[in-house]
Amino acid sequence: MSDTLAIETNELTKRYDGVTVVDNLNLKVKENEVFGLLGPNGAGKTTTILMMLGLTEPASGSVSVLGFNPTREPLKVKRQVGYLPERVGFYENLTARENLRFIADLNGISYPEANQRSEEVLEMVGLTSDEIMEKKGSNREIEKTVGKFSRGMKQRLGIAEVLIKRPKLVFFDEPTAGLDPKGINQLLDLIDGLPKMGTTVVLSSHQLYQVQRVCHNIGILAKGKMVIQGAIDKLGREALAGGRFHIEVETEKPGEELVKVLQGIKGVVNVEVRENVLAISTDADLRREVSKAIVQNNYPLIQMKVQEFSLDDIYMKYFREE
Ligand SMILES: Nc1ncnc2c1ncn2[C@@H]1O[C@H](COP(=O)(O)OP(=O)(O)O)[C@@H](O)[C@H]1O
Ligand SMILES: [Mg+2]
């Protein structure tokens, strides 16, 4: 990963029929990282990707992709960018190699070069002879048509078509949808290897758990808004409702002045009183400071619990099926 940005959006907004579906998005994707664009169905992931590709225009705000404005310079963006849409289409009566050569031709790649690159990308995505050939007659082998491919094979062929252009940046929109666990793992391993080859990846998914292992940074969208963004290893501990930590203290009849003292502790985000329980949100583990304040103010410390937010909690809050 480098510090150069592959994508930067500034207050990017999209409306359909007066309804805001992408809402003032500020998003940064670094060069040579896998960025997870996550969120439940309808959150605005596909719309965001389409704006980055210059395939739909923002209502307001801006987006820069590899230094270009995709609305004003769509060809400059398309030349260096690959896109795997949610539903990939192929010529089902053609073989994998024929489909690849067709895409190569559309991208102005010469025939010998296309042949060489086809073999290269088939190998990259793990579409081996075993999978793409079939027996005809006693011992003759021919290439299968894509119509006979499994969902996982089709998805890998889709990625091969994206990679044959040797793009600097790729968008994979829900690439794991409909795959079995083995297919998902093959696909994620493939994605995991792309940054090393100089390809930045934006991976959208409504299944945080499925894809998190390959993402360096993630952004979670809910109803068009970015609710959380950052490095995946740090986010596990980040805030949901103010603080990252919830400290619950049982005492006796906590009064205003105690609440004020607690609110004055550095790192305390919020204090709520529920009968004899103080619910304190903090951005660090402040058990020591909190207990000291309670005892010094002559309140009993009957019980104290601390809960740290994890990716589990983020999952529960934004991804749980209703
Ligand atoms: N072409 C369109 N016309 C009208 N509404 C749309 C269109 N595309 C998407 N939407 C709406 O925008 C919202 C975000 O959709 P989308 O970007 O597809 O979400 P996601 O990819 O996260 O599932 C949804 O409410 C969807 O119904
Ligand atoms: Mg979508």
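In the predicted model, Ala 160 touches Leu 100, Val 121, Leu 122, Val 125 and Leu 127, when residues up to four places away in sequence are not counted. In soluble globular proteins, nonpolar side chains tend to be buried together.

The packing of helix H3 was examined against two other helices. The axis of H3 (residues 96-106) comes within 9 Å of that of H6 (residues 151-163), and the two cross at roughly 30°; because angles under 35 degrees count as roughly parallel, H3 and H6 are therefore described in this way. The crossing is right-handed, and the contact joins Ala 96, Asn 99, Leu 100 and Ile 103 of H3 to Leu 157, Ala 160 and Glu 161 of H6. By class, these residues comprise five nonpolar, one polar and one charged.

Helix H4 (residues 111-124) likewise has an axis that comes within 9 Å of that of H3, but here the crossing angle is roughly 125°, and the two helices are therefore oblique to each other. This crossing, too, is right-handed. On the H3 side the contact is made by Ala 96, Arg 97, Leu 100, Arg 101, Ala 104 and Asp 105, and on the H4 side by Ala 114, Arg 117, Ser 118, Val 121 and Leu 122. The residues of this contact divide into six nonpolar, one polar and four charged.

Key: Residues are numbered from 1 along each chain as its sequence is written. Chains are lettered from A and ligands numbered from 1 in the order in which they are written. This is a predicted model: local features need pLDDT of at least 70, side-chain atom pairs count only at pLDDT 80 or more; totals for chains, interfaces and linings use all residues. Axes are lines fitted to C-alpha atoms, for helices over the stretch in contact, and angles run from 0 to 180 degrees between N-to-C directions. Helices (H or I, at least four residues) and strands (E, at least two) are DSSP runs, numbered from the N terminus. Angles under 35 degrees count as roughly parallel, over 145 as roughly antiparallel, 65 to 115 as roughly perpendicular and the rest as oblique. A crossing is left-handed if the near helix is turned anticlockwise from the far one by less than a right angle, and right-handed if clockwise. Two residues are in contact if their C-beta atoms, placed from the backbone, lie within 7 Å. Ala, Val, Leu, Ile, Met, Phe, Trp, Tyr, Cys and Pro count as nonpolar, Asp, Glu, Lys and Arg as charged, and the others, Gly among them, as polar.
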